[in-house]
Each structure stands twice: as structure tokens, then as C-alpha cells.
Amino acid sequence: RSTDDVTNGSFGFFHSHKITPRDRDIQAKGPINKYSRTITQTPTAGAAQAQLYATGLTDDDFAKAQVGITSFGYDGNPCNMHINDLAAKVKEGVNKAGLVGYQFNTIGVSDAIPMGSAGMSFSLPSRDVIADSIETVMSALWYDANISIPGCDKNMPGCLMAMGRLNRPSIVIYGGTMKKGKGTLGRCADRELDIGNALECNGELISGKINEEERRDIIRHACPGAGACGGMFTANTMSSAIEALGMSLPYSSSIPAVDPLKTQECLRAGVAIRTLLERDIKPSDIMTRKAFENALTVIMVLGGSTNAVLHMIAVAKSVGVPLTIDDFQTVADKTPFLANLRPSGKYVMEDLQTVGGTPAVLKYLLENGMIHGDCMTVTGKTMAENLAELPGLTEGQDIIHPLSNPVKKTGHLTILKGNLAPEGAVAKITGKEGLAFKGTARVFDDEEKIFEALEHGAIKKGDVVVVRYKGPKGGPGMPEMLKPTAAIMGAGLGKDVALITDGRFSGASHVSAFKIIIVTIIPCPYIGFDFKGFIIGHICPEAQVGGPIALVNDGDQITIDANTRELTVHVSDKELAERKQKWSAPPLKYTKGIMARYCMTVKSASEGAVTDEL
């Protein structure tokens, strides 16, 4: 379709932009510029109006609603490097819809770049900085609505949290997934690549599957251009959940970043946001309890990242919807894992788009009674109404398994509790690693000490490696455990030890031999290693606040039981109480700046690691 078709509202979901019975109460909602009129229509706001004239507004523009367009664009990573261009298209569509679009920027952190360094401590806090910055600009400048264009992992929950707090008409446009790369040399020639291969290639080199030239070829071509990492890692997990929530336009989560359809999505967002303004449809009308149940179902079906647990809890808090880690278990118990997607499968998000995209998955789930169809969405229609207009999954595709032949009969995420994790812990469990593990604790307050222990043979088969003081306050920022898992795998102990931590793991869990990742507990066929040890993260309360993980000693016996969903240290309550009396919290790692403030305000991972609750 032509650009004019798109922006005039004849594309897909907006061709029926007419008055319907649901629209008849528009006049009762008040003007659509109910926030910006505080500046544009108030005689005492002369200085503000003068500044708006300086930005190029005409007399007629002062009566229009204003839309804040949040760009996550910056040059430093492929997830975000194209976002400013998309934001310009959003602004074009907003202006053509008879509104005033004002672009402003927020920050972003690419997890893949600081991974394994102290820089990872800043990744999770960036989510809350994003939420704060969007809330600040939108509130200070009185914008009537928001369209945010996130790219990388923490971008998505950050903008949703701001939208929930503000509760003004809002739309998320995902910056899009990256296309696959292709190798050019030797055994890698014509091999399809993604970021996972870049993580795995060092293991392939060590195991003799490739040589140094081929390793470098993989790194050069794994990321061919703009977009977020292609597997069902955290970015694609969150974008899929957002679409299931109803907060993005259909196909937003599966259209690749450089596909022309992404530009069309940006252009038609203007008509969509005008519909939301006219009908006063706000995030609280869309992000309901039922909508969160839809999102959790999609996370389970697609095999999404464990990071979704704390992010979805944080988003729900922003809009006042009760959601706990126990809700994830409830959904997991009744929801099969169906997707053959990286990191545990073969395909990437670009492939899913070719067989119908996220809407086709949602349609399949709706047809089988697995999601609620009556939830409102940013199209101004319900989920069921959106999906009725769209095709289902392509016949013969093998990316989404049928319900009769799931990858796993229940969800891949498991919530563990017990005397070692009274507030819970998170694991990805497929059953291939077994359902129970009992071993001897080997405790590390400094992950660097794991290397020394491995070198001296101090970590043995049957051990449970405990890495602590990596939680929201102790880490701080719950840095992802790349180095410990890499070291254990490199030592050939992947099948025979467990790792538990109050930190977290990458959404690419499982993709790398030297990165067996959280809770992934899924064998890694790509590099010749078959990791079957349990890896458990997000243990709460964390060590820094005196959680039981802080009281574990070398030699304690620990049991992980997926059947009973328990994480237990075999020490009496009396002994734990005596250890607690002798324990004192170590000094926080930061005493000034953003991380000091973060440590003072952040809640536990089981509460979403939010920072805006007294």
C-alpha cells in the first residue's frame, strides 16, 4: 500500500475508523488536548506559548493534542541505532493525523556490550531511569499521549512502566528484531548466524569445530545490521508480551527492524493514537489482569526469557494490577511450551514473521481458548476483533508446535521456594536435566574466585555453586552471570554441578557453551556440550539484605527439587538463626551517584526490582 493509504487510515486495522456505538461517548470524554491545553489555552502561559511558536507551531496547532514521541535512538548498538529514523516516521504520521508530535529521547543500555563486566550493573537500573525520564518529560511538558519506540532489553519494560504511571493514551512501537547473518568462510560459508553464534563460537573453537579465521568470520557477520537480537531473548520476549498485552499494534513484535513494514507501522501509529485520544482509551483500560494473563501465556508458549518475570511484575505495579511470581507458576502449569525458537530451538523472530508472526500465534491460542479475546488493545478494538481480520499460522510450518505435540507439556519457567528462597527463585526447566539435584555447597561472594577454585580442583561433580551478593542491592543491579557459567562449562562440569544465585542471567540463556545461562537448564547442541546441571537465579531475599543465601556455608547440603518446587539448604532453623545473629551486611559497592541511589530505593526481584515504592 502507498504511504497515503497508510497514514489516511486505510491500512489493515484502521480502515474502519468511523463512529461506532463504542465511539458515541467521545464528546463526554472532554477535549483530546486535555493535558496540553494547560499550556496552549491558558492566557497566563504566555512564555510557554512563545516557546511553542519558536518550535514552529501555527495558530491552528495550539488547539491540537500533543503527542510525546519517545525515541530510544543512539549510535552505540544495533538495537537502537535506527530508532531516530523510525521516530521521524512516527512524527510524520502523528502530524498527518491532525496532531502535534514532539520527539524527545531517553537512554538505553545494550546488554551484549557490557556483558561480563562491571558495566552490567547499570543495565537493570537503566529500566527505571527510562521510566523516570519519560514520566518526567511527559508530565513537565503536558503532552496528551505518548508513543515510545524501544529497541533493546530494558527499553521495553521501562517505557511501559512510564505509560502505566502516566495513564495517558499510549502506544509502544518495537524497534524490531535483527535479520539473520550469514557466514562467508570455510565451514561457516552460507551458515545462518545470529548473536547466539557469536556467543558460542569461542566454545566451537576450543572444541575444534572451527578455526580462528572461522571464529572471526562468525563475529563479523552474526549481526548484519539494525535490530535487537533475533532469538526469543529478552527483547523479543518483552516485545511479544507487549503485543499480547495489547499495547502495540499487531505484528509490531515480529516485523524485522529493516523491513518496510516497520516504517508503515510507524506511519499508521498517528491514526491509532488519535483513536485512543478520541475514545480516551488509556493504559489502565488495556493493561488489565486479563491482559497480563494473555502476556504470561505468550511468554510460556514462546519459551521467553526469565527476565520477563521481574519486568512484568514491575509493569503491573505501574498500572495497579496485582501480579506476583506465583501467577507465573499458575500460568506455567496450564500452558505448554510450543516454540522452536532460539535459544533452545532452531529459528529466530524473523522466521516467525514469515509464517504469520506474533498475531498468528495469538490467533492459534485464541482459537484454542488459551487467551482472553475481550481485552482492549491500542487499535481501539479487542484482541479477538484484531485477530479475526488476520491469517493464522502458515500450513506446514514447524516453528510453533501443535498443542498435540508440544516441546514441553507445561511452561518452561518454574518458581522455586523453600528455606533458601522464601520469597522465590526462578528457573527454566525442561525436564531434560532431570527433576532433582542434591549436592554440596561451594560458596562464592566474589565470582572471580570461581576461576581459582576451578583451577585448583575445588569444584567437583555433585557440587552446588552458590554465587551471592549479586542481587538488586548487592550486585548491584543484578548483573548477569556470564563468567561463572562460562567457567563451569569450560571446565567440563556442565552436566554435574548446579549453580544458584541471587543475580540473574541473560535472556539468551542456553546459547553459549561458555554461557550456560540461568536457569536454562537446556542442553546445548550447538557446541558439543550437553549442560544438564540446574542453574537457579533471582533468589529472594538476596544476600545483601540477609536472605538465607547469605547464611549458606561451604559443605552445606542443598537440594533442588522441581517436583516439589523447593530449594532447600539442609540446615536447621536454629542453626540458621544463629548464623543470622553473627552475620552483618557488607558495605554497598557504591556510595554516590546513580547506583548508590538505586541501592537505597530498589525492591527485591520478587517484587519486580522497582524503585518507586516507599
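Modeller: Gladly! Let's start with helix α16, whose buried residues are G357, T358, P359, A360, V361, L362, K363 and L365. Please keep in mind that this is a predicted model, where local features need pLDDT of at least 70, side-chain atom pairs count only at pLDDT 80 or more, and totals for chains, interfaces and linings use all residues. Residues are numbered from 1 along each chain as its sequence is written, and side-chain values use heavy atoms, with hydrogens and water left out.

Biologist: What makes α16 mostly covered?

Modeller: Buried means under 20% relative accessible area, exposed over 50%, and partly exposed in between, with a 1.4 Å probe and protein chains only. In α16 (residues 357-367), eight of the eleven residues are buried, and the helix is mostly covered. The cover includes α9 (234-245), α12, α15 (349-354) and α17 (383-388). Just after α16, G369 takes a positive phi of about 70°.

Biologist: How do you know what counts as a helix or a strand?

Modeller: Both are DSSP runs numbered from the N terminus: helices are H or I with at least four residues, strands are E with at least two. The protein chain has 21 helices and 14 strands.

Biologist: Why is a set of residues called a nonpolar core?

Modeller: The name applies because its members are buried Ala, Val, Leu, Ile, Met, Phe, Trp, Tyr and Cys residues joined through side-chain atoms within 4.5 Å. The largest one here has 108 residues, and F292 and M312 have the most contacts inside it. Its largest share, nine residues, comes from helix α12 (residues 289-302). Another core lies apart from it, with 29 residues, among them L416, A425, Y469 and V569.

Biologist: Which residues does F292 touch, not counting those up to four places away in sequence?

Modeller: Contact means heavy atoms within 4.5 Å, and F292 touches L245, M287, M312, V315, A316, V319, V321 and L323.

Biologist: What makes β7 and β14 edge strands?

Modeller: Two strands pair if DSSP finds at least two bridges between them. β7 (413-416) and β14 (566-569) each pair on one side only. They belong to an open sheet of eight strands with mixed pairing, in the order β7-β8-β12-β11-β10-β9-β13-β14.

Biologist: How do you know that β11 and β12 pair?

Modeller: The cut-off is at least two bridges, and strand β11 (residues 498-501) and strand β12 (residues 535-540) are joined over two bridges, in the parallel sense. I500 has I536 in β12 as its bridge partner. So the pair meets the definition.
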